[in-house]
Amino acid sequence: ATHPLALAPVTAPESSADAFVADFLHSLNFDRGVALSASSANDRYFALAHTVRDYLMARWLEDLRRQKQSQSKGVCYLSAEYLLGRQLDNNLLAGGLADIAEEALASCGISLDDLRQHEVEPGLGNGGLGRLAACFIDSLATLGVPSIGYGIRYEYGIFRQTFVEGQQVEQPDSWLSLGSPWEFARPEDAQTIAFGGRTETYDDEGVTRSRWVPGWNVQAVPYNYMVPGFQNGRVNTLRLWSAVATNAFDLRIFNSGDYEEAVRAQTFAENISKVLYPEDSTPQGKELRLQQQYFFVAASIHDFLDNMLAEGFDLSALPDRVIFQLNDTHPVIAVPEFMRVLVDEKKMEWDAAWAITRQCFAYTCHTLLPEALEVWPVDLLGRLLPRHLEIIYRINEEFLDAVRARYGDDEMRIRNMSIIAEHPVRSVRMAYLATVAGARVNGVAELHSQLLRDKVLGDFDDFFPEKFTNVTNGVTPRRFLRLANPELSGLITEAIGDGWLTDLERLRELEPFAEDSGFRAAFGEVKAANKRRLHEVLRARDGFEVSDGHLLDVMVKRLHEYKRQMLKVLHVVSTYEGVVSGRVPAAEVQPRTVIFGAKAAPGYTMAKRIIHLINAVGSVVNSDPRLDGRLTVIFPPNYDVTLAERVIPAADLSEQISLAGKEASGTGNMKFALNGALTIGTDDGANVEIRELVGDENFFLFGMSEPEVSESAARGYRPSEFYQEDAGLRAAIDLIASGAFSRGDRSVFEPIVSNLLYEDRFMVLADYASYIAAQERVDDAYADQEAWTRSAILNVARTGFFSSDRSIRDYIDRIWHTPPLA
Ligand code: 26Q
């Protein structure tokens with residue numbers, strides 16, 4: 001052997017159940033320090049995880065070595081969030097160890113399934129963007145792309161949601177309280193990250209240069225996580241940074257004799273990676289958030305430059321060695337940091353450094369809402385990162401010079417394109433900085449990318465059209481089909497053989513089976529089994545009793561006004577009102593169970609009110625005997641990846657009902673379609689592409705299109721007109737306003753009602769009639785089970801496009817140009 005691998009074999013240890021038992025017991029005894037007979041479930045879970053880990057270890061070490069040795073171009077994926085979900089099952093599947101582990105544990109009298117339940121999922125993300133990052137690292141490993149994911153090891157992930165009298169109450173998510181068996185701390189690879197202080201100029205052999213004299217430091221300690229490819233012998237790395245106080249930092253204060261201040265300072269430093277910010281749309285410009293962002297990107301850039309480049313690497317070759325993909329603007333402060341390293345530390349000429357930087361970054365935008373675009377007040381940024389602010393100013397000056405050179409002194413245009421906004425306070429527009437610096441800018445679905453070019457970044461598209469591209473999102477079929485829906489996966493493999501899991505377009509081969517009544521029966525059986533399994537979970541988790549034989553109608557996603565959970569509530573209330581008013585006989589109501597899952601940002605008052613309303617409507621509707629058990633509303637608290645994996649495979653109907661032009665893509669929509677739910681949805685985000693692929697007849701489209709929304713807004717939207725003119729809508733809103741869901745107290749939901757009637761920013765009332773009509777088409781379609789199942793099968797067969805493997809291939813072709821690792 002030419003390299004000193006401590007673990008000699010590159011192949012996994014002998015994969016027999018007996019060997020697995022030996023390894024498991026060894027880990028139980030020597031890592032956990034307990035005998036099997038005395039072990040807790042947590043001990044057994046840890047020992048199992050360690051055993052699985054050990055099987056992947058040799059591959060991981062090999063891949064780490066290879067990525068460094070080959071020096072071929074790789075991807076550094078920079079994301080403030082990774083919403084990973086549970087790791088055990090994923091790693092068993094990727095390692096091809098699931099059957100062996102099951103058999104081995106059974107021989108010790110242990111149920112694998114019991115141990116699975118023991119894992120606390122790392123919820124290091126808010127929703128779509130964080131889950132996308134997790135899907136992408138899975139696909140990068142499965143496709144064997146040289147890559148590393150960088151992020152933050154939050155001590156507390158997304159809060160745990162509870163309901164107290166129907167209202168959301170947040171609890172800390174202490175996912176690390178029992179430790180994590182999947183992480184490897186690497187304190188010897190720590191980076192020192194500086195903050196604050198001032199800049200100064202100095203004479204460097206006749207050249208006047210600027211440099212940063214920081215005020216304080218923290219240590220960034222990396223934790224490595226394995227990211228195994230699907231049964232391909234590849235294991236990539238996710239590297240998450242944790243903040244600890246530096247010795248120097250402490251010492252200065254200790255030496256001053258102020259012990260308490262020193263301890264306070266330590267707490268201050270360690271706060272940086274303490275908690276994930278739970279806002280995901282209207283971010284507040286909080287200093288700690290900017291600290292988090294700089295902390296993790298500075299650590300990541302230095303980690304890459306220090307550890308991944310060959311001796312004597314010529315920095316001008318960096319664009320052939322690395323591309324930093326910016327997952328939204330959260331890591332954009334990496335751009336001035338990279339410039340600072342090249343110019344201040346490596347003493348490169350500004351122009352040369354900028355030429356490199358412009359090729360080393362690419363930016364993915366995930367929004368269209370103006371209030372979601374990150375801006376940082378320059379006074380805050382300048383206080384925390386004074387040198388970076390100078391660099392941003394210079395980037396902006398040179399950019400605006402180029403704009404002037406192209407368009408002349410068009411001051412309006414200059415003001416609109418400036419990276420620095422002047423109002424309401426002088427701020428840095430991070431999306432503009434990312435667009436100016438990035439080699440490519442992509443949206444996350446066709447419609448979204450188009451709207452970016454036409455609207456949000458229109459002037460930039462005019463200035464550098466070649467930068468703009470689209471990469472439609474995708475989801476990993478390993479987690480969201482194979483693991484979440486083993487029964488359907490088995491049925492698919494029976495029908496078309498294996499291979500589809502890494503080549504998801506092959507699901508097309510299922511199309512003819514839609515006409516096969518035997519296959520339809522089996523498909524229907526799988527759906528029914530998934531519903532029963534969900535019912536068990538909901539009973540065990542939250543004590544819900546769910547009836548069989550209902551259409552399962554699901555809306556799971558973060559709570560946002562633009563996503564329009566209110567529209568779904570109005571549908572439920574209308575159905576209820578129809579029956580209790582006597583207009584509709586209960587017997588004519590298609591039995592439905594409506595499942596909601598949604599967390600609201602803790603400071604988002606209207607979103608929390610809507611959660612309260614959903615719970616209130618549920619408790620009234622579910623207990624009203626006049627409905628005859630035909631309408632049930634279930635809102636399990638704390639919707640997370642683990643629950644998603646249970647809910648999605650059971651769903652009949654997927655609610656994707658955002659106002660057109662507001663949902664950048666959506667990824668839940670893809671997961672549902674792949675699991676054979678039909679979508680009721682607007683022409684928004686990736687719904688557009690789903691509908692194109694599955695066909696109009698297998699998709700329930702409703703609502704205004706984006707151009708219609710824009711026209712209506714331009715004309716002046718008046719929601720009360722819809723209220724006046726639609727008796728059904730009026731009855732539903734009046735019922736809410738009457739206090740029917742708040743024990744007669746009309747004040748509780750009054751803010752929701754008046755918001756709908758007098759503001760309704762997301763045009764719920766305008767789309768109400770169309771939505772109700774579409775739901776009637778759903779009821780009619782569901783009555784014909786054969787036809788419904790046929791459509792469901794075609795949804796599965798035609799949505800293989802939405803594999804994140806395809807997304808990653810698109811990133812490679814359109815943005816990264818990375819060759820596959822040999
Ligand atoms: C920013 C600054 C300060 C605090 C928080 C944030 C922040 C955090 C998370 C801002 C936004 C997010 C998350 C956004 C997100 O999840 N967007 C979704 O991304 C998905 C993947 O592309 C899309 O499918 C969804 O349409 C989009 O809403």
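How many Å separate the centres of domain 1 and domain 3, taken over C-alpha atoms? The separation is 40 Å. This is a predicted model: local features need pLDDT of at least 70, side-chain atom pairs count only at pLDDT 80 or more, and totals for chains, interfaces and linings use all residues. Residues are numbered from 1 along each chain as its sequence is written.

**View 1. The chain is divided into three parts: domain 1, domain 2 and domain 3.** Domain 1 covers 1-70 + 96-120, domain 2 covers 71-86 + 121-470, and domain 3 covers 477-808. These bounds come from an automatic or database domain assignment.

**View 2. Lysine 671 lies in helix 24.** Helix 24 spans residues 668-674. Helices (H or I, at least four residues) and strands (E, at least two) are DSSP runs, numbered from the N terminus. An unreviewed UniProt entry annotates Lys671 as "modified residue: N6-(pyridoxal phosphate)lysine"; such annotations may be inferred rather than shown by experiment. Lysine 671 counts as buried because it has 30 C-beta neighbours inside 10 Å. The cut-offs, with C-beta atoms placed from the backbone, are 20 or more others within 10 Å for buried, 12 or fewer for exposed, and partly exposed in between. Leaving aside neighbours within four places in sequence, lysine 671 is in contact (C-beta atoms within 7 Å) with Val475, Phe480 and Ile648.

**View 3. Lysine 347 has a positive phi, near 60°.** Lysine 347 sits in the loop between helix 10 (334-345) and helix 11 (350-360). Lysine 347 is exposed, because 12 other C-beta atoms lie within 10 Å.

**View 4. Aspartate 760 has a positive phi, near 45°.** Its loop runs between helix 29 (750-758) and helix 30 (764-783). Aspartate 760 is buried, with 21 other C-beta atoms within 10 Å.

Definitions and conventions. Two residues are in contact if their C-beta atoms, placed from the backbone, lie within 7 Å.
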